[in-house]
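Subject: Structure for your files

Hello,

Here is the structure you asked about. Please open it first, then read the notes below it.

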Amino acid sequence: MLLMLIPLLSGLAAFLISDDRCRRILLLAVAGIHLALTIAALVVRPEMLPGEWFGLDSLGLLFLGVTSVLFMGASVYAVKYLALEKRDPGEDSDEGFIFNNEPEPVFTGCLLLFLAAMTAVTASRHLGILWAAVEATTLLSAPLIYFHRHKRSLEATWKYLLICSVGIAMALMGNLFLGAAGLRSGLALDLGSLLSNAMSLDQAWLKAAFLFLFVGYGTKMGLAPFHTWLPDAHSESPAVVSALLSGALLNCAFLGILRVAQVCAAAGLAGFTGDILILFGILSLMTAAFFILAQKDYKRMLAYSSIEHMGILSLGVGLGGGAVYGALLNAVSHSLTKAGLFFVSGLILAAYKTKQISEVRGLIRRVPRTAVLWMTGFFLITGTPPSGIFLGKFMILKAAVSGRHYAAAAAYLFFLTVVFAGMGRIFLDMTLGEAAALNEAEKPFKASRQMLIPAACFFACVVLLGLYMPAWLNDIISGARDLIIGGTV
Amino acid sequence: MTTLAELIIVAVILLNLSLAASGSLATCIRLAAAQGVIAALLPLLAGHGVPSGTIVFCCAVILLKGAIFPWLLTRARVKANVSRDAEPVIGYPASIILCLGAFAASSWLGTRLPLPETARVAWIVPASLSTIFTGFLLLTTRGKAITQVLGYLVIENGIYIFGLALFVEQPLMVEMAILLDVFVAVFVMGITIFHISREFDHIDTAELSQLGDWYPKQSGGEK
Amino acid sequence: MLLAVVSAGILVFSAALSLSLGRDPQKASAAGAAGAVIAAIIGLIPTVKILLYPAIETISFPCSLPTGSFTLVLDPLSAIFLLPVFILTAAAALYGLDYLKPMAGKKPLGTAWAMFNLLSAAMVLVLLSADAVPFLMGWETMAAASFALVVLEHEKPQVRKAGLIYLVAGGSGALFLLFMFSLLASPSGSVAFSSFLRPTGALASAVFICAVLGFGLKAGFIPLHIWLPEAHPAAPSHVSAVMSGVMIKMGIYGLLRVLVILGAPKEWWGWLLIVIGAVSAVAGVLFALAQHDLKRLLAWSSIENVGIITMGIGLGVLGQARSIPSLAALGYGGALLHVINHAFFKGLLFMSAGSVLHAAGTAELEALGGLLKKMPFTAFFFFFGSAAACALPPLNGFTGEFLIYLGAFNNIGPSSKAALPALIVITSLAATGALAVAAFAKAGGSVFLGEPRADSAEGPHDAGTMMKVAMAALAMLCAIIGLCSPFLIKPLAAAITPLAVSYPLLDAGVNMLYVSAGALTLIALILCVWALRSALSRGLPPVRGVTWDCGYAAPTARMQYGASAFTQPLTDFFQPLLRKARSYPAIAEYFPGTASFSTEARAVFYNHLYSPAGAQIKRLAFRYTWLQHGRLQFYILYIVIALIALLVWKL
Amino acid sequence: MTRPLIQYFLALVLAPLLPGIINRVKAFFGGRRGVPILQLYFDLYKLVHKTPVYSRTTTWLFRAGPVIGLAAMLCVLALLPFGGRPSFLSFEGDLILLVYLLGVARLATVLAALDTGSSFEGMGASREVQFAVFAEPAFFLALAALARGGGGLSLSGIFSNLTPAAWLTASPVLTLVTASLFIVFLAENSRVPVDDPNTHLELTMIHEVMVLDHSGPDLAFIFYGAALKLWALGSLIACVILPRHYGSWLVDSGAFILAMFFIAAAVGVVESVMGRLRLLKVPYLLMTALTFSILALIFQAGR
């Protein structure tokens, strides 16, 4: 598939190109082409041959689209960001020691390869390939997180790498179990054939496989209690990477779980998967809520809000019915919003040189445009209508109530309230009030338009989703929902 | 032949125990390597007519696990001039007991997961699962970064014991991809370990615990 | 109907316009105010039409959302609420023109105006929408816009605090509403109001409870009121007028709308509402009595009036449940009438308080005094509004309460089935009335009467022209409604038809006629006596002297009875509830020098209910953060444990 | 239509007589001759011809106070039945209007007092509003207890419905109501034991101290308004204790006027046999009235 090869090759090329400018242009170009190809795929909907290892069903297409759009925005942002990083010496924000950044070719290259891997995840029709691709994303994003070469980012990278590898190992075990489940009827891990005769799978083995795969991809997706790597990685990596991680990567891991859930649903184990998904969804919500309430670092706060939304997604899929649509809509909106927020947080970091919430005051005074975006992002991420997130949350709640999961619904609402209160306090403290006077040495940071625009566009899209749902998107999402619920191709 | 295979299983489990018990890093590395090699022999003994592709594949695995990984890790250990001791968080007897418990648990799980008759080797599931749990034991109770890599390797071994025993007939592409991933994984980890050893002049991950959200000093809620 | 939508559109457009004109405050303000006024004029046309010729008009826009639809319905019930929304926002916009002028350059006026018009548009949307999704959109936009206006002066810490409390209250209220709508939608799956099947039994009660919590948070039922006394003083005065006059009424509207949807109510709902109303009314006015800040006092009095309205609704619900038509009709009718009245007189009061703040630079009662001479118009309007707020004839405040009284008195007979609640309502209304007189006598007296207590820097000036115009318009409306209440009976009856049979309300038109007659008599008598007085004192020029202080020759301004002194007997009597903080001077030596005594009204419910709860949750959260201690081994242990647990649980 | 008007003017004319009677009774108990019974008429005549003196602090509000107060009282009188016969402005629910008209008068007086900026008048105003808070619910509930007896929501309806038979059947209720009304009557008219009209220690006064600064016609209006208030509230009691049972209007009116005089005398007796309560105790007295009303309601329910 062209979609994968282009970033792959260009990524390899990026390692070699020495000149910054052409490398950045290459980055932009690849992002553009990728987006164009994705749109093309949207329009012509390539049909999938059974047994083919790669192919785009509407579920994959949905996540591919999100990833591609996100990467476009990220690359626009990244170009300026890299220039910025070049200019000021890497002076550590909190502890104040000097460090030097990763060589830019490595960064850009890994960025592109990362895109290739994610594309592979969304496009793969074979659980083995899916697994390999997810593992690849882990390995390729590690250098991205380790962009600032100092010990805290190293620690974050190390934890990320180890925990995710363990998780991925579990996922591998799960894959093998799945194979064992299909052994009697001689099925491979090819999704199509699995789905078409899922009933012949061995139930016990299938359950075990789901458990292992859930733990594995759940680790990657950041469901509590497997989330432990996530805040560290998000807070220590540069804004672009954090945006991609929580906007695109988490979705890819989620896609992994969805694929298996598909198989289970086809095998008539929907109830079994549902319980687990709901339980861990609520668990993640709770964890995120409490950690946000006690948060001191705004990038970590954003990371925990990602955990919260992952919980919401898993809850939604677990509830089934209309909630699945809500969950998918929420996934799309959350990716856009959270990416935008991470972009903005990068600007705040550049302006204030700290990630401590207590140090940041009076954004509205010092960097008004950034502040407006920041508050907008807050209202969107907490599901204030009109926004896609609001619709998603509402649909999930509706499904929970009509499905008589009253306890789940109550917990869901309670933790949403806690999250709202916690984030509200943080955002207000940061945005309002008098800005502390700049010490004479540093010049006030001026956010360039190019770094504001991506976030603004993403937010606009999310608001639009709350007001008007384009027909094609509706088709894709409902198609994906049917895939998950019905489990038939 | 199957008896031989089962002998190997027993050996694997014994290796687990010794991994849990052994104190010195070098020994741990060697033990893990040995386990990998033995695990790789498994498919050769398992079937009657072994396809040539399988042989090649197994040789590759043996080469990788028997030679390259130990070499990488030893090099890392020497480069980062780590002390010999594995410095477990809990005592060796405790680790052994846990390891046995893991074995018991996994054999229970094995009873819950009946293997289809196509698989000819009994005790596959318990062995692999207990190996995995041993890997977890190493990961959670050993202080050093290298031991954590080791634990990860042991987990991989466990997975392999299962995978190789079952899927020798199937197209090896998947397994190749898997293999590649593992290789890169260990490789990257090796690099990171170097970085760690450069940043903090030893590789005790206890030092790697700055990031977190726990501020014991102000654990009182003020609003 | 279409015109109402158009007016909402105009509001949004002018909001965008003034936002884009942000660079030039003058233009932005002009755009914003003009938009508000034009929108009001256009919007009033269909509103009045529906009220005069009751009908139900529906517009449905194509909507591609996965759930919900843009269906808008204009019926008399919404029209009753639309009327004050349009009028008050227009008046407030005029007022704001002058009020915000000094802030030009210091504050983003463009944004302020945009938010103001957005707020109005959101309220219109809330009142028109007949589907959960647009309703919630309007609801949340309303909250967000008003929030932005509340934190306009965010340099002050208490404003930031108010903002946070307001934000959290709004958010949690919205979640209750989400839950409520989900419950309503659970049988049919659709969230259009028309498609809600009437829930029964526990489900209906659950919906009702959610409605009371969700809408009560906006309307300011005690103890859900905590945001209200914080946010209203923080906002610019014309915004406080709109928030207190109409925005909190959206909660009342929502409650009524849900009652319409729920159909046959349960008896205990009525009891609950009556109790909430009585508590809010009496406690609200008591706290108003204890305040030292003019705008804070007005905010508390808003809580009181919401309580009165709620009592009326409670009576209505009870009448519905026990099928007592007179109680139902008069209760609902009185509540709705009071909604309109309160919008006008509270708007007027907040505006005059605003011009005091504007002129004297402070709203602290103890620091003001004697302003009547400096700003006669404002003073007149304030006393006018106070009389209305104390429900004194011949002004409008009396009419609404009269209907509620009538409903209650009609049902205290031995044969009645609702004597006890009626008596509770009568008692609390009576106590509220008397306390309101005390509160407003305190406010007006200490701000406008007597001598200035502390000389403010520059001599206070009277309100600007636009401010005067706005206030005059509202005062006019208060008087008109007070005198012409019989004409409002028919629209009110039309509005309550979905809730209760309306003929008792129509019958009450006769009594209202007498009330107007009484009011006219009173005015006539006042004129006669005044004429008599001037006739008597013709030819004798009055002598001027100092105030007779029982022989004390050198009275000073500090000797006057202060605001807190004025209410001290009452506040002391209710100290167990009010919990005012006092600081006495400790007298050490025989001839003590300067001594000071100060009292402070505290946010009792916040301090004793919410703050501890929040602290508890936070403490819990801090404990919980131990999980993220940073040790990798434990992190992996979590995974193992979870895996094993799952295997044991599910395998 | 003529009769109600005649009743109205009768009330207007006779009202200033009541204070005179009260003083006479007090003088009798004090063993003095006392001021002439028409003293208030003389005072009013004198005052309307005097030049008013205004403090420089005061404003138009100060002058408007007495006017509005008097007007409200006149309006109240227009609602009240006379000897159980409807007045010309009586309607269903006039008792509500009545109470709020008293409120109008109160607010006007209080604001006028505050306008002077005198500490004493502020004190008086503060006490006035404080006691009203307790008196008003008691008053309302007493009326409610009467209304429960039937006869609709208009005072005249209630009282015309009140027959001697009612005293036989529901004597406890009516006694309690009368007691409650009488206490409210004393408090509202600031008589002993709530207030002492003819002490000269301002610190202890309520109504008198609020009008310290008024003079000339204003003072006359205030005195006259006070007399009217006395008459108005008194007539309610009179209607209770004297159920209408003669056929003819003349007899009824006569009896009613006699009853009014009797009430005045009763006030005089009360003032001579007991002293003022401590101000702190006054709320409890008014709460006693409230209790009476509630008890009356309960008994009413018991019937």
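**Helix H15 of chain C**

Helices (H or I, at least four residues) and strands (E, at least two) are DSSP runs, numbered from the N terminus.

The model is predicted: local features need pLDDT of at least 70 and side-chain atom pairs count only at pLDDT 80 or more, while totals for chains, interfaces and linings use all residues. Residues are numbered from 1 along each chain as its sequence is written, and chains are lettered from A and ligands numbered from 1 in the order in which they are written.

Eleven of the 14 residues of H15(C) are buried, so the helix is largely enclosed by the rest of the structure. Buried means 20 or more other C-beta atoms within 10 Å of the residue's own, with C-beta atoms placed from the backbone. Among the buried residues are C:Phe381, C:Phe382, C:Phe383 and C:Phe384. After H15(C) comes C:Ala391, with a positive phi near 60°.

**Chains C and D**

Chain D puts 68 residues into the contact and chain C 63; contact means C-beta atoms, placed from the backbone, within 7 Å. On the side of chain D that touches chain C, H6(D) gives the most, with 18 residues.

Strand E3 of chain C (residues 543-545) pairs with E1(D) in the parallel sense over three bridges; pairing requires at least two DSSP bridges. In this pair, C:Val543 stands opposite D:Val53.

Regards

Technical notes: Buried ≥ 20, exposed ≤ 12 C-beta atoms within 10 Å, placed from the backbone. Contact = placed C-beta atoms within 7 Å.
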